[in-house]
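Here is a short report to read alongside the model. Have the sequence and the 3D view open as you go.

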Amino acid sequence: MAFVTLKDVYKRYHVGEVTINAADGMTFDIEKGELAVIVGPSGSGKTTVLNMLGGMDSCDEGIISVDGARVDGYNRKQLTLYRRYDIGFIFQFYNLLPNLTAKENVEIAAQTKRDYIPAVEILEKVGLGERINNFPAQLSGGEQQRVSIARALSKKPKLLLCDEPTGALDYNTGKMILKLLQDTCRRDGMTVILVTHNTAITPMADRVIKIKNSRASEIILNDNPTPVEQIEW
Amino acid sequence: MKAVNKNTFREISKSKSRFLSILLICAIGVGFFSGVRATCGIMKTSADDYFDGHNLFDLRVLSTFGLTEDDVRAISEVDGVDGVFPSKYTDLALHRGEEEYLTRVFSKTPDEINKVDIFEGRAPETDEECIVSYNILHEGLKVGDKITLEDLTEADEFPLVRDEYTVVGLYQTPMYISKTQRGSTNIGDGAIDAFMIVPEEHFTQDVYTEIYVRSDTLKGFSSYSDEYKELRDSISDKLETLGIDRSEIRYDEVIGDALKEIEDGEKELEKAKADGQKELDDAKKELDDAAKQISDGEKELDDAKKELDDGAAQLADGEKELADAKKEIDDGKAALAETEKTLADAKQQLDESKAQLDAGQAELDLQKAALEAGKAELQSARAQYEQGLAQYEEGLRQLQQMEQAYGSAAVAEAKAQLEQTKLQLDNALAQITQNEQIIAAGEEQLSAAQAEIDAGTAQYNAGLAEYEDGYSQYLDGKKALEDAEREYNEGAETLAQKRQEYNDGLKSYEDGMAELSDARKKYEDGLVEYNDGVAEYNSEIADAEKELSDAREEISDAGNAEWYIFTRDDNVGYSEYESNSERINRIAAIFPVFFLLVAGLVCLTTMSRMVEEQRTQIGTHKALGTQTARLCGII
């Protein structure tokens, strides 16, 4: 039993008479501690898959299983708890709370569970020790994304889901973020799923899932993932 | 503090005004709603406390025939009744100076029922004092005012023992809590202006007007509640049942007396009718007799009058006759005198004429003689003439002969002489003729004179004869006049006598007339009296009959004795208060709800906007697994 399993997952959107399948029989597995990268062109259903995995969206058909639990059958309350306890989400546009400092932003996620990494510690870990009392408006893009990552990590989730984390960042900052993610995965044994349209970074992943036309067209296992510093694009 | 809460507070402090205004509008909305909603209950509770504290009656019994002590006893035996308090009241007009207030005067009841609050002045201490309560709109009566009471109905007896009071206090009664409504009445303009309390002894009526009933169990319930109404209605039903029996008893009591009185009255009326009719009949008979007498008397008097008139006419005739006679006599006397005078004159005249005649005759004789002489003269003259004439003629013949013979010249002188002689002869003839004529005339005259004298003599003789006649007539006349005078005197005497008789008769008649007019007047008076008597009789009978029929009508109008049970709800102020609080309740059901709705809508709008503004944040939270409920805290 894989850590994360998607089997024949369908997600349909009805727009008038037209039906759009965001996920059209999606099937793939991901093992624990893997750094999985989901690549595909725009509109291929990558974000849909991530949302479904993150418990923010429901599927119409199919099985979604995370650590043995059937996520597709969860009701709202269960989904809320699932999101709170099991998932760490990193968004493309950071989604930090503007009223709260970096520290508080991390705390807000962490205070939801008993077992968490203290905010200051995790912020230091991501290299924002001096910026813990700054508001997101006072931080740069990279710093904000790092806060976001810290937020996700402090929860000690089972699954770390990243939706184009470097989308809004420049090359170097992006690289730095990716490195962080990779290190977390390796060091802490966290299962990281990364969604991107940038095929250049696929070498860093342990598993590459290619999505095409709302289905997993190719799953490639990488025995020797390349460290991020070495990848140029 | 948890970060989530920090987020909330920071969000609030970022938009304080928005937060505060929403807070305020919600506060007002809620406050308004709850306040108005609560008012109804509070109003009712306040009222209930007031009523309980002042022992307001629960039920009030009135009867169309009044209430007695027995009724009081009967009521107090009804199940659930704890306090029974009889009372009297009457509606009068209260006068203070020029002002008039329609007042309901109550008898004083103990504090256990309808306790009053004296808020100005004090309670009365003497019989002349009273306390009043007035409609606040009139505000006329003050402590210290002296007032008089007046009964506006046409009752015979004034309902109180005194009609003058001094106001010593102003009070408030729990029975009428309305400021403007004080109940209605049958007198005046129908709206009561004020109340007054006097001791029960001041009322002249001996039955009670009303009975107040109280129940302790009812006191325990809230006045406007359903339990109160239920229990009160059940007690009221019991009282009604009781009332049916008691009012029958009362009706028999009252009506029985009244009926008996009516029957007595009817008997009296019959008797009075008969008596009266008899009196009237007797009077009528008297009057008729009198009338007959009067008409007889009248007839008599008429006859008498007729007689008198005849007599008067006769007298008048007689007088006229006498007067005429007198006149005649006087005339006769005058005539006689005149006749005497005339006769004397005539005699004188006659004598004079006789003398004249004699003289005349004498003269005439003389003249006759003269005339004869003249005549004789004339005859001789004539003879002369004749002679002369013959001579002439002879001469003429001679002349003529001569003429014939000699011619005219020779004869001319002779002719001229003849002519002259002719002329003389003619003159002499003329003279003779003239004298003849004169003599003839004279003769005529004389004969005329003689005739005259003869005539005169004849006249004289006639006159004398007349005079003789006249004289004898005069003597006759004188005699007749004397007779007439005697007769006249006799006649005058008789007339005087008759006149006296007439006067007596007239006087008698006048007396009779006066008597008759007296009698007539008396009769008229008597007739008027009789008519008055009849009218009086009729009107009195009619009045009495009307009274009796009215009384019977009254009895039937009075209808049945009935009890009327009034509750607090029949009191205007009480039920008005209840409906006011109900109204507020109903307003509270709608009005504040609108307010609240508006507040809600404002909140909704604001919240929607906030949610829109913070979509991303909310999404983030949800992604982090924050409970939706907690998220609402921000909103």
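## Ground rules

Two strands count as paired if DSSP finds at least two bridges between them. Helices (H or I, at least four residues) and strands (E, at least two) are DSSP runs, numbered from the N terminus.

This is a predicted model, where local features need pLDDT of at least 70, side-chain atom pairs count only at pLDDT 80 or more, and totals for chains, interfaces and linings use all residues. Residues are numbered from 1 along each chain as its sequence is written, chains are lettered from A and ligands numbered from 1 in the order in which they are written, and side-chain values use heavy atoms, leaving out hydrogens and water.

## The sheet in chain B

Look for an open, antiparallel sheet of four strands in chain B, ordered β2-β10-β1-β11. The edges belong to β2 (83-87) and β11 (563-567) of chain B; each has a single partner strand, so one side of each has no neighbour in the sheet.

Strand β1 (residues 59-67) of chain B is joined to β11(B) by five bridges, and B:L59 sits opposite B:T567 in β11(B).

## Chain A as a whole

Chain A has six helices and ten strands. Its radius of gyration (taken over C-alpha atoms) is 17 Å, close to the 17 Å from the globule rule (2.2 Å times the number of residues to the power 0.38) for 233 residues, so chain A is as compact as a globular protein of that length. The C-alpha trace of chain A spans about 50 × 40 × 35 Å along its principal axes.
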